[in-house]
Amino acid sequence: MSDRQDQVREEQAAVDLRYARLDLLREQTRARLARTRRVGPSGSPQNRSERDAFATLYENRLAQLEGVEQRLCFGRLDLVEGTTRYIGRIGLTDEDHTSLLTDWRAPAAQAFYRATSAHPDGVVRRRQLVTRGRTVTALEDEVLDLDAWSQEDGRTSEVAGTGALLASLAGARTGRMGDIVATIQAEQDAVIRGDLAGALVVQGGPGTGKTAVALHRAAYLLYAHRSTLERSGVLVVGPSRTFLRYIDQVLPSLGETGVVTSTVAGLHPGVVADGTEDDATAEVKGRAVMARVVARAVRLRQRVPDHETSVRVDGKVVVVRPRDVVDARAKARRTGRPHNLARVVFVREMLQRLAEQYVQQLGFAVPPEDRAEVLEELRTTREIRIALNLAWMPLTPQRLVEDLLTRPARLEAAAPELSARDRRLLLREPGAPWTPADVPLLDEAAELLGEDDQAERAQAAADARRRQEELDYARQVLRSSGAGGGLVSAEALAERFASGGPVLTTAERAASDRTWTYGHVVVDEAQELSAMAWRMLLRRCPTRSMTIVGDVAQTTSGAGTRSWAATLDPVLRGSWRLAELTVNYRTPASVAEAAQRVARAHQLPASPLTSARDVPDALRVHHVAEDAVEEAVVAATHSSLADLGLLDGGDAEAGRVAVVAADDDVPRLARALAASSVADHLVPAGPSVLDAHVAVLTPRETKGLEFDAVVLVEPALVGKASAADLYVAMTRPTRTLHVVTSSALPAGMEDDGS
Ligand SMILES: Nc1ncnc2c1ncn2[C@@H]1O[C@H](COP(=O)(O)OP(=O)(O)OP(=O)(O)O)[C@@H](O)[C@H]1O
């Protein structure tokens with residue numbers, strides 16, 4: 001038997017041992033969960049909530065243990081001192097607490113990603129274990145310290161290391177992003193393990209792993225700062241619901257299930273923003289000046305009447321005078337409280353003044369205890385209520401923004417700094433559905449209006465007292481049960497013990513609370529965010545602990561950014577740091593180079609990019625007559641499916657093709673494909689377009705996604721609408737870019753003659 005086979009066998013035994021431990025832990029957790037559930041709905045409220053808390057704890061632990069099945073153990077370090085260390089998705093120890101597997105996020109695993117021959121960091125050999133299911137199929141060795149290696153072991157070994165990376169890059173796509181935990185590269189690792197504090201901006205060209213890095217960083221931060229982040233939660237913001245589906249398996253595969261993912265539009269609970277609007281309108285709504293416009297709209301709802309209103313109450317006449325409204329309004333505004341809360345002060349002040357008028361007409365002094373009665377009488381008089389409401393109306397955010405955007409006079413008064421054209425763009429039909437760009441306006445309004453939360457505040461004080469008691473109790477429980485396992489803190493357990501109400505996880509509570517502030521926020525495709533969207537996000541992250549990833553050359557929204565400094569300096573006051581990723585892992589070099597040429601020709605601020613690999617014949621240009629475009633698109637799609645081995649039988653899960661065309665062409669092409677030989681491949685096998693082998697998409701819908709092959713239709717038309725759209729579309733394929741064109745190619749995208 002060869003030396004290599006011996007080594008594979010040795011590693012198989014090591015991997016088997018770790019899976020056996022995983023199986024045992026799963027079994028034990030399942031048994032504990034079943035025991036906890038069997039207790040049934042009896043006992044005191046304290047007992048019940050304790051049982052629910054443990055059930056949640058075991059459910060989370062089980063989800064974690066089940067999420068890490070694939071490539072549980074993927075690496076091994078041989079260290080100078082003669083010991084070995086296995087690296088994997090989670091940490092495992094045996095019964096005696098001896099380490100079996102080091103969590104990839106632990107400091108002891110860092111050398112696996114960072115050590116180089118120049119800086120071996122105590123590592124003699126780094127080994128990648130390539131596995132399929134639970135079977136070790138190959139080993140990839142990198143000897144980092146040749147001196148130490150030859151002294152210690154005379155065996156020969158293949159010095160490789162990039163094989164596992166290249167194999168993972170070449171694999172067919174499934175419509176879901178995978179993790180990169182086994183092959184994180186050094187420049188990516190530095191970003192992933194960067195400090196929690198402050199805002200870290202990661203700029204990088206297409207395919208440099210920004211999304212992957214951002215998600216691995218979320219998992220890393222949860223591991224390294226669990227006690228902080230477990231209670232406050234981590235939020236991941238992505239550009240669309242399709243994108244969120246695309247990434248939804250990455251964090252669970254890294255053993256993290258409690259992260260909230262959302263679009264910006266989804267962050268305002270209770271608002272469904274499924275309306276659409278053109279880019280020009282969204283651009284105006286996203287401008288920073290809209291914060292002033294909304295603030296002015298609120299102030300304009302605190303109005304001084306232009307005449308007096310006399311009201312008869314019990315035979316006396318009280319007068320709502322403009323002068324009193326001016327004084328009461330000034331007093332209410334001086335509190336600095338939001339509109340609906342300051343209104344309480346306004347109303348109280350006005351009622352006092354009206355009571356004064358009333359009492360004076362009685363002709364005798366009213367004792368203080370009777371004065372309350374007078375105030376109540378006045379407060380409940382309909383005409384007075386109407387007069388006070390007209391002066392200071394309680395408002396919901398929806399009402400304020402709806403009024404602002406449907407009434408030209410109100411808009412003109414609130415937005416004098418906008419041009420007549422911009423104001424026209426903002427106007428909408430009454431009752432029209434909310435759009436994504438409306439949501440930051442609603443959120444701004446909610447902030448300025450506030451809610452009348454007196455009852456809630458009293459409840460919060462009572463809750464705080466009770467929580468302290470529960471916290472003490474939870475500490476005792478953790479001490480006596482040893483159940484924490486690093487996954488849950490006493491504080492988190494206490495939260496779950498809190499009686500009254502279902503047992504909600506941090507993620508569930510955070511997602512349903514507009515005013516929740518997260519411990520860390522990850523923003524992907526951040527270049528698309530408008531100034532108003534940034535304000536909304538920053539309200540949810542007062543600590544400014546953020547990971548912001550994006551590419552200013554891919555900005556397609558009119559409200560987005562072309563310069564991080566221009567966008568972030570005003571909102572983060574200069575306190576952010578920049579990291580750059582420079583290696584493209586997605587697109588074959590020849591396609592990436594064509595995309596870079598196009599970007600330069602269109603003056604996009606494209607980052608320098610080196611490609612990790614090339615694929616022969618990756619860029620294929622098809623010049624056709626205008627009336628032959630559809631046929632050529634079908635043929636290119638057909639050939640892509642054939643290349644992926646999806647035509648015969650065609651039931652393989654993996655393999656994704658996108659047909660990308662200008663917005664107006666998409667319906668026509670979808671029809672042509674539906675009537676062609678590839679029709680069966682257009683039908684999604686699941687709830688998302690990503691579940692079909694072939695998807696027909698606009699360039700914007702492909703944002704952040706990737707496909708094995710892309711059929712790009714009429715690039716000149718795509719580029720005319722937006723050069724960034726063209727750049728995005730060109731950089732989506734992992735293998736082949738078919739370009740179907742009936743006119744001259746856009747500048748930079750030279751025909752390679754094929
Ligand atoms: N270290 C790595 N090992 C294996 N695959 C990697 C690695 N880094 C990135 N990739 C892969 O490269 C592809 C592109 O990554 P990702 O989508 O994160 O890039 P991006 O920078 O966000 O791209 P874009 O800006 O175009 O959206 C993904 O398939 C990802 O899994």
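Tutor: This is a predicted model. Domain 2 (186–267 + 514–584) and domain 4 (611–741) each contribute residues to the shell around the ligand, so the ligand lies between them.

Student: Which domains does the assignment give for the protein as a whole?

Tutor: The domain assignment lists domain 1 (1–160), domain 2 (186–267 + 514–584), domain 3 (279–449) and domain 4 (611–741). Taken over C-alpha atoms, the centres of domain 3 and domain 4 are 54 Å apart.

Student: Which of the 24 residues around the ligand come nearest?

Tutor: Pro-206, Gly-209, Lys-210, Thr-211 and Tyr-585 come nearest among the 24. The elements that supply two or more residues to this shell are α5 (163–170) and α7 (210–224).

Student: How do the residues of the shell divide into nonpolar, polar and charged?

Tutor: The shell around the ligand holds seven nonpolar, 13 polar and four charged residues.

Student: Let us turn to helix packing. What describes two packed helices?

Tutor: The description consists of the angle between their axes and the distance between the axes. Here, the axes of helix α26 (residues 589–601) and helix α30 (residues 723–730) come within 9 Å and cross at roughly 175°. An angle over 145 degrees counts as roughly antiparallel, and α26 and α30 are therefore roughly antiparallel to each other.

Student: Which residues meet in the contact of α26 with α30?

Tutor: From α26, Val-591, Ala-594, Ala-595, Val-598 and Ala-599 meet Leu-726, Tyr-727 and Met-730 of α30. The residues of this contact comprise eight nonpolar, no polar and no charged.

Student: Finally, how should the confidence values guide a reader?

Tutor: Where pLDDT is low, the predicted coordinates should not be read in detail. The protein averages a pLDDT of 88, and 88% of the residues score at least 70. Over residues 151–161, however, pLDDT stays under 50, and the model has 13 contacts beyond four places in sequence for this stretch. Residues 480–488 also have a pLDDT below 50, with eight contacts beyond near neighbours in sequence. For the complex, the predictor gives an ipTM of 0.99 and a pTM of 0.86.

Note on methods. Residues are numbered from 1 along each chain as its sequence is written. This is a predicted model: local features need pLDDT of at least 70, side-chain atom pairs count only at pLDDT 80 or more; totals for chains, interfaces and linings use all residues. A residue is near a molecule or strand if its C-beta atom, placed from the backbone, lies within 6 Å of it. Helices (H or I, at least four residues) and strands (E, at least two) are DSSP runs, numbered from the N terminus. Ala, Val, Leu, Ile, Met, Phe, Trp, Tyr, Cys and Pro count as nonpolar, Asp, Glu, Lys and Arg as charged, and the others, Gly among them, as polar. Domain bounds come from an automatic or database domain assignment. Axes are lines fitted to C-alpha atoms, for helices over the stretch in contact, and angles run from 0 to 180 degrees between N-to-C directions. Angles under 35 degrees count as roughly parallel, over 145 as roughly antiparallel, 65 to 115 as roughly perpendicular and the rest as oblique. Two residues are in contact if their C-beta atoms, placed from the backbone, lie within 7 Å. pLDDT is the predictor's confidence in each residue, from 0 to 100.
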